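Work through the exercises below with the structure in view. Try each task before reading its solution.

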Amino acid sequence: MVQIFGSPGKYIQGFGELHNIKKHVSWIGDSYLVIASKNRIKDLGEIIKESFGEGFKLIFAEFDGESTRKEVKRLMDIASAERCKCVIGLGGGKVIDTAKAVGGYLKIPTVIVPTIAATDAPTSTCACIYNEDGSLDEEINFDKNPDIILVDTEIIMNAPVRFLVAGMGDTLSTYIGARVCYRGYKDNDFGAKPTETSFAIAKLSYELLMKHGLLAKLACEQKVMTKDLNKIIEANILLSGLGFESNGGSSDHSFYYGFCDLTHRKEHMYHGEYVSVSTLCTLVLEGAPKEEMDEVFNFCVSVGLPVCLEDLKLGDMTEEEYKIVAKGVLRCKSTHNYPFEVTESEVIAAIKTADVIGKMYKESKRML
Ligand SMILES: [Zn+2]
């Protein structure tokens with residue numbers, strides 16, 4: 001049995017820590033390509049310039065908004081022409097994916113500075129590349145995780161609270177998916193078995209959510225930093241990232257991919273918001289104990305994560321649409337990590353049942 005645990009080279013988290021970026025990354029070299037949106041360059045570019053000071057070349061490349069092949073190629077060309085020794089991705093999901101792809105293809109060190117804690121993408125090896133029309137082109141797994149993750153909690157604290165809550169939805173899925181792989185000796189995202197370390201990390205991410213999730217949200221709403229918020233930022237970015245990649249998953253993200261197949265629908269929610277419902281469907285699908293379902297549904301309602309289809313603007317799904325979603329769920333490899341066969345009718349049953357349980361919890365009724 002081969003086990004693999006992967007992680008970024010170093011993870012740094014601190015209030016105002018972007019001011020110290022030079023201290024953490026300057027060992028890499030003297031020239032950096034910084035990829036960020038126009039607004040982030042405007043807000044945070046000066047802090048980076050001031051930190052590095054004299055003697056370093058910083059090229060700020062404005063991100064065009066989509067992580068497409070064309071955009072990755074354009075940024076790779078800039079990095080090559082300017083002989084950049086490192087790429088720094090400063091922003092949310094798509095900037096992070098693009099920076100990972102630029103660094104991964106050029107085989108140069110990659111630094112990720114997330115400005116929101118909405119997903120666990122910063123630490124992982126994979127980058128999603130989209131087509132020009134916004135649909136997913138490919139999920140690329142690079143050979144290594146980013147070299148440095150620098151989380152400035154002041155920036156995360158000041159971002160809209162909906163991002164932090166969506167990140168909790170993404171984190172919620174990690175342990176629930178991981179345990180299926182761990183207990184069944186299934187492969188993780190590195191094509192090997194999970195380690196005790198990775199499983200303990202996944203479990204911890206769940207425990208932190210239950211203990212500190214609501215308090216973290218309340219602090220973030222007030223734009224103040226507390227120990228609870230600090231713990232949830234670590235859970236959303238570091239623990240969930242290590243936990244999903246080094247353990248693997250079950251159907252915790254499969255329902256999300258299924259919902260994404262409803263391409264004719266115009267309204268879109270955040271990744272973690274779909275994943276929240278995807279995780280609730282997963283609990284029904286696997287027949288989780290009532291006590292656990294109660295804890296998870298209750299948690300989601302308390303922090304304001306979606307718990308039913310209506311919350312995802314999918315309250316009017318037709319039977320045909322259920323079938324489209326179910327096909328998407330069954331197409332995901334990880335759905336088949338269960339020790340039982342998953343069928344289309346079971347998938348649809350899980351969605352419909354999770355939906356009514358979710359509605360019940362929103363009306364303050366509980367199963368217990
Ligand atoms: Zn996710």
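**Exercise 1.** Does arginine 162 count as buried, partly exposed or exposed, and how many C-beta neighbours does it have inside 10 Å?

*Solution.* This is a predicted model. Start with the place: arginine 162 sits in helix α6. Next, take the count, which is 17 C-beta neighbours inside 10 Å. Now apply the cut-offs: 20 or more means buried, and 12 or fewer means exposed. Arginine 162 falls in between, so it counts as partly exposed.

**Exercise 2.** Find how helix α6 lies against helix α7, and which residues make the contact.

*Solution.* Locate the helices first: α6 covers residues 161–184 and α7 covers residues 196–222. They pack at an angle of about 165°, and their axes are 9 Å apart. An angle over 145 degrees counts as roughly antiparallel. Therefore α6 and α7 are roughly antiparallel to each other. Their crossing is left-handed. On the α6 side, the contact residues include Val161, Leu164, Met168 and Tyr182. On the α7 side, they include Phe199, Tyr206, Leu209 and Glu221. Sorted by class, the contact has 14 nonpolar, four polar and three charged residues.

**Exercise 3.** Which phi value does arginine 83 have, and which does serine 364 have?

*Solution.* Take arginine 83 first. It lies in the loop between α3 and β4. With 12 C-beta neighbours inside 10 Å, arginine 83 counts as exposed. Now turn to serine 364, in the segment after α13. Phi of serine 364 is near 65°, again a positive value in a residue other than glycine. Serine 364 has 8 C-beta neighbours inside 10 Å, so it counts as exposed.

**Exercise 4.** How far apart are the C-alpha centres of domain 1 and domain 2?

*Solution.* Read the bounds from the domain assignment: domain 1 is 10–157 and domain 2 is 250–368. Their C-alpha centres lie 32 Å apart.

Definitions and conventions: Residues numbered from 1 in each chain as written. Predicted model: local features only at pLDDT ≥ 70, side-chain atom pairs only at ≥ 80, totals over all residues. Domains from an automatic or database assignment. Axes fitted to C-alpha atoms, helices over the stretch in contact; angles between N-to-C directions. Helix = DSSP H or I, 4+ residues; strand = E, 2+ residues; numbered from the N terminus. Parallel < 35°, antiparallel > 145°, perpendicular 65-115°, else oblique. Left-handed = near helix turned anticlockwise from the far one by under 90°. Contact = placed C-beta atoms within 7 Å. Nonpolar A, V, L, I, M, F, W, Y, C, P; charged D, E, K, R; others polar.
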